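Please keep the viewer open and follow the residues as they come up.

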Amino acid sequence: TRIVWPSTICNNNRNFDDSPGERSSQYAAESSCRLRFGPHVNWIGAFDLDEYVVPIGKYKGIKPLLDQLEHEGKKIISFGSWRAWPRKNLITPPVPIKDRRICGLNADCFKLQVPENQTFLQTYNCDRQRGQKKEKMPAEKQLYRPDHVLQHFVHYSTVTQLTVMNRTETIAAGYPWSTRIHEDPLSRFGNELTEGTMLHTKAIATQDTAGWMHTCRVGGHGMCRIGNPYPPGAEEQGKTADEEGWTYNCYINQKIEDHWVPLLEKSMGLRPKEETIEEES
């Protein structure tokens, strides 16, 4: 159910703008969600619409993973964030824009679009890191128990049942006391190889495609934001580009490609309903 939040104070303007970045509406909406729905649920997830939490390994749904966390006594699980790239062969063929006012550079850019019959989940299934992320943006997203997390702030559980304890209470509960900021001992990151990962399908702005015909090819300089996935075995063989000179720069997650994409396409009517796909909630 999508609930429209009435306040609209939410922007990403830079600090030097006349109206700098201000997201008080987002913070209020999240706090309202936890306060209103927290007493009625065991877990709450705080994710953007372009962030897909994907069960991996033996897990075919989120609930079994949450059951495992309950068994461990964990109250918070985090998923590292790192933007994925849209795959070149799945986007709408680029139409060059030759306007520096739009592109920001003296180079062609284009308005990136995903075809209506194509899902963002598959199009952006091209992560820049293979397997467990070694680098993460300082902006993880979380599933948390609202009876333990007393205040959640977009990416972090800022106040929990443990952080409100004083020194005596903390030691009595069996936890080490520290005056420094530290992670809640009842939290952990998910294992991206065996439990779950987060695919961040953040859209690529038009100006960020400027010069892509150069940056995405062998010998190009700058960051290429258009994905060209490594084929199986290519990296091990030392191959860095395809036969046309397009550089490989991301990796397909096969569990997403082979299991979750077909399920999503089926639910959206993009696949025949009689097609059998193993499902689990």
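## About the model

This is a predicted model, in which local features need pLDDT of at least 70 and side-chain atom pairs count only at pLDDT 80 or more, while totals for chains, interfaces and linings use all residues. Residues are numbered from 1 along each chain as its sequence is written, and side-chain values use heavy atoms, with hydrogens and water left out.

## Overall layout

The protein has seven helices and eight strands; helices (H or I, at least four residues) and strands (E, at least two) are DSSP runs, numbered from the N terminus. Its C-alpha trace spans about 65 × 55 × 40 Å along the principal axes.

Of the 281 residues, 40% are buried. Here buried means under 20% relative accessible area, exposed over 50%, and partly exposed in between (1.4 Å probe, protein chains only). Among contacts (heavy atoms within 4.5 Å) between residues at least 6 apart in sequence, 65% join residues at least 24 apart.

## The nonpolar core

Which residues make up the largest nonpolar core? It has 12 residues, among them Trp85, Phe110, Tyr124, Trp212 and Trp246. Such a core is a set of buried Ala, Val, Leu, Ile, Met, Phe, Trp, Tyr and Cys residues joined through side-chain atoms within 4.5 Å.

Leaving aside neighbours within four places in sequence, Phe110 is in contact with Ile91, Pro94, Val95, Ile97, Thr206, Thr209, Trp212 and Ile226.

## Strand S3

Strand S3 covers residues 76-81, and six of its six residues are buried. Ile76, Ser78 and Gly80 lie on one side, with Ile77, Phe79 and Ser81 on the other.

S3 pairs with strand S4 (residues 137-144) in the antiparallel sense over five bridges, and with strand S7 (residues 187-189) in the parallel sense over three bridges. Strands count as paired if DSSP finds at least two bridges between them. Ile76 takes part in both pairings: its bridge partner is Tyr144 in S4 and Ser187 in S7.

## A surface patch and its surroundings

Tyr27, Phe153 and Tyr156 form a nonpolar patch on the surface, with about 250 Å² of accessible area together. Patches are made of residues with over 30% relative accessible area and no salt bridge, where like charges are joined within 9 Å and nonpolar side chains (Val, Leu, Ile, Met, Phe, Trp, Tyr) within 5 Å. Accessible areas come from the Shrake-Rupley method with a 1.4 Å probe, and for residues only the protein chains shown count as cover. Tyr156, in strand S6 (residues 156-160), is partly exposed at 32% relative accessibility.

Val154 sits in the loop between strand S5 (149-153) and S6. Val154 is buried at 9%, and has a positive phi of about 60° although it is not a glycine.

## Charged pairs

The structure holds 13 salt bridges, each a side-chain nitrogen of Lys or Arg within 4 Å of a carboxyl oxygen of Asp or Glu. One of them joins Arg145 and Glu70 (2.5 Å, N to O). Arg145 lies in the loop between S4 and S5 and Glu70 in helix H2 (residues 62-72), so the pair ties together parts that are 75 residues apart in sequence. Is Arg145 buried or exposed? Arg145 counts as buried at 10% relative accessibility, while Glu70 is partly exposed at 34%.

Arg101 also forms a salt bridge, with Asp99, the closest N and O atoms being 3.1 Å apart. Asp48, Glu51 and Lys141 are linked in a network of salt bridges.
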